[in-house]
Amino acid sequence: MRCFISLLSLATAVVASKAVNFPWEAAQLAVNETANYPDIAFGDATGSNATYSGPKCKVGPGDPEWPTTFEWSKFNRTLGGVLLKPIPPGAVCYPGPYHDAAKCNFLLTGAAFTRFYADDPVTVLTGWAEGNTCLASPSPVGNCTQGGYPVYVVNATKVRHIQLAVNFARNRNLRLVIKNTGHDFGGRSTGAGALSIWTHYLKDFEYMLDHTIDRYKGRVARVSAGIEAWELWNYMDKYNMTMVVPGGDTVGAYGGWIAGGGHNSLSSYYGHGSDQVLAFQVVTADGKYRSVTPHQNADLFFAMLGGGGSTYGVLTSAIVKVYPPTPVTNIPMSFQVGSGSLFGGGGFNFTFPTGNGTSPPGGFPFPFNTSIPFNTSIPGFPFPGNGTFPPNGSFPAFTPPTTVNSTAIFWEGVRLYQQFAPVVCDAGGTLYSYITKRSNTSYTFTTTFELPNLTARQAQTLVQPLYTALNALGIPVNNSLPETTASFAQAARTGASASPGNTYFGSRLFPRANWDNETIYNATFAAIRATVEAGYMFHGINHAANYTVAGYPGNTTAISPVWRRALMHADVFDFAFRSLPAGVTVDAQAVRDGYERFNAVMDGIRRVTPAGGAYYNEGDVQEPEWQRTFFAGTYARLVAVKEARDPWGLFWAPTMPGSERWEVMGGDGGGLPTQNGPLCLVGGGRRRGSSTALSGW
C-alpha cells in the first residue's frame, strides 16, 4: 500500500467521513459549516421538503432569483477560489473584449494537436448540442454568445468542492451539469445558464497486487473520476498489467463511459467498462458523500453502472478490476470497389468545410470539425477518433484497400465478413469495421480484428476460413502473419487533444439471434447495405460481452440486457449535420428534413432488430421510444432509484431515466435539440430573457 494511508488517518481525524480512496476525498463539507449559510446546506431526500416545489424553470442569468455578484463571490470564497467563469473558446475570434488574433489562429491551426480542448472547462466535442453559438472562424459573422455553455464552473479537486456545488445548485434552483473532457455526443455535459462540476483534475491512481473486496480477490486499481484512457495506458505500461479502458485516448474512463456500459476492444474477453467496477464513491443530490458496493447503497451500484449518466450523483473514485498483461493480435483488412481516395471515402467520407480547420503538421489533410467516437482505425494506419493525431506530425504508412471487380462481389464480401463475426467474438475478439459510399458504384470497407491472448499464428489460423472464402469470391486479400502487441501499446501516450465536431449519428445493438437464422441474417445485412447505399457511414463493432464474460458484480448492474445478447453495436453517421462556417445561416427546416431521412434509414435497421436496443453514449438523442431502446427492462427500476435519490430533479440530462419531467425550452436552434435554452418542467412555459450576449439567456 502507498504512503497516503497515513495521510488518510490524519484527514479522517479532522472530518468524520465515509471510506475514501484518496486523501482529497477526506476533505469534505462539514454540517457545522452550513449553519449560517443556508445556500450550502445539505438536503434530506426522505424529508418533507424532498420534492421539487420551486419555479417552473431552473433559475438563469437575468432572473431575479439568480445569485448576485456578491453571492457568487461568497460561494467562491467558500470553495477556496476554484469557481471559474469561462468564456467559449471561440470568443477570441470575434470582435469585442475577448478578441485575440493570435489565440484565434491557434484554435484554427494548432489546438487540435495539443491538450487545449481536453483541458478546457467548457468545451464539448459535439458542437451542435451546445448550439454552435461561438464557432471559431477566421472571418466570423454575427455574435459569439454563451449559448448552451455553462456560466460558472467548479474546478473540483476535493469532495467538498463537489458537495458545495451540489448543495448550492439545489438550494438556489440552478441547473447543474457534470463534465470531464467533453466526449459528449448528445448534450449531457453542457447546459445554458448552468453551474458545471468539472471533474477533470481528479487524477489519482493506485495499483494493488492483492486485494479482497466482496467475492473478488486479486489485482485492483483505485482510480479517480478524471483519469483519461491515455493515462491508464501509461499505468498499464508502468505496472505491466491490463485494464479495460476506452479506445479514445482522451475519453474519461470513470464517468459517463461506465455509466453507459463502456464498450472497448476487450469487451468479449473481460466485459464492458461498467463490468470492471467493484466499488465506488459518490456525492448524491442531497450533497452527501457515500460509499457504494453491491451491498452498500446497492441501488446506486445498480443504477450508476450502465443505467444513465449525470442522473444519480457525481462519482469521485472507484476500485476496479485489473488483469495480467494481455497481448492483443491485430489483423487489418480492407477492400473497395470503384475508385477514389481513401480520405474521400475509404471508411470515413470526410470533406473539408471552407474556413473551418487547416492541415495538420506534415501536410496530412484532415477535417478537424469531424467527430467520430473511439477506436477509429484504418488498416496499417491506426489513430483514435475525434480528430486526434500524433503531436509530431508523422504518420505511419498504410496499404490502400484491395480493389474488387464488381459491386456485387464487394457486398457479398462484406456479408461473408459479418457472418464470420460469431467466430471472432466467441474467441474473445472484437471487430471494428467501417463501410462507406463514395458514389453509386464505389464503396470502401475497412476492418480490424482484435484478438486478445492469441499468438500471431493462432490468430492467423482463426481467421483463415474467412480469407479463403473471400479469395474464392474474387477478393484477393492476403492473410499475412499479423502483429501481436501489449494491450497497453508500446509507447507512452500524451493525450493529444481531440477537436470539436458536429457529426450526428444514431446507434443500434444487433442481437446475436440475428446471426442464428439465415433468413433473418440476410434481412439484417440487407438493412445494413441499404443504410450505406443511402449515403450514411456504417461503423460496426462486433463483440459479445454476455453475463458470463461480465462476471460478478458486473452481471448484476443496470447495463441494458440487450447488451448481453448483442453481437454487434453499430453507429450510423450522417455527416450532413456537421456545422457550417461561422456566420452561415443554417436552414433549420432542411436540417429537420435531413433528420427525417436519417431516421427513416434507422427505422429499416430497427425493423430487422425488434429485440435490439441502442447504446445511449453513442445514440440518437431523438431516438423513438428511447426508454425501452436505451434501458430495456431496467427502466422502471432506474426511475425509482432516480426519484428516491434525487426528488428535487437536480441532476438532469437528455434521454436519461426520469428526464421526461423536464425540457429545454427554445433549444431547437438549427433544427436539432440543443442545450441552448432554459431547463423547465414539461408544460411549465417559456422563460423570460434572451440569449444574445455572453451574459444572460
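Predicted model: local features only at pLDDT ≥ 70, side-chain atom pairs only at ≥ 80, totals over all residues.
Local features were taken at pLDDT of at least 70 and side-chain atom pairs only at pLDDT 80 or more, while totals for chains, interfaces and linings use all residues. Residues are numbered from 1 along each chain as its sequence is written, and side-chain values use heavy atoms, with hydrogens and water left out.

Helices (H or I, at least four residues) and strands (E, at least two) are DSSP runs, numbered from the N terminus. Helix α10 spans residues 407–419 and helix α12 residues 456–473. They pack at an angle of about 165°, with their axes 10 Å apart. Axes are lines fitted to C-alpha atoms over the stretch in contact, and angles run from 0 to 180 degrees between N-to-C directions. The angle therefore makes α10 roughly antiparallel to α12 (over 145 degrees; under 35 is roughly parallel, 65 to 115 roughly perpendicular, the rest oblique). The crossing of α10 past α12 is right-handed, that is, the near helix is turned clockwise from the far one by less than a right angle.

Contact means heavy atoms within 4.5 Å. From α10, Ile409, Glu412, Gly413, Leu416 and Tyr417 take part; they meet Leu466, Ala469, Leu470 and Leu473 of α12. These residues divide into seven nonpolar, one polar and one charged. Here Ala, Val, Leu, Ile, Met, Phe, Trp, Tyr, Cys and Pro count as nonpolar, Asp, Glu, Lys and Arg as charged, and the others, Gly among them, as polar.

A salt bridge is a side-chain nitrogen of Lys or Arg within 4 Å of a carboxyl oxygen of Asp or Glu. The count comes to 20 salt bridges. One of them pairs Lys203 with Glu231 at 3.1 Å, N to O. Lys203 lies in the loop between β4 (195–198) and β5 (205–213) and Glu231 in helix α6 (residues 229–239), so the pair ties together parts 28 residues apart in sequence. Glu231 is buried, at 16% relative accessible area (buried is under 20%, exposed over 50%, partly exposed in between; 1.4 Å probe, protein chains only).

Asp603 and Arg606 form a salt bridge at 2.6 Å, N to O. Both lie in helix α17 (residues 588–608), three residues apart, about one turn of the helix. Asp603 is partly exposed at 28%, whereas Arg606 is buried at 12%.

Asp646 bridges to Lys642, the closest N and O atoms being 2.6 Å apart. Asp646 is buried at 3%, and Lys642 is buried at 6%. Elsewhere, salt bridges that share partners join Arg115, Asp119, Lys203, Glu228 and Glu231 into one network.
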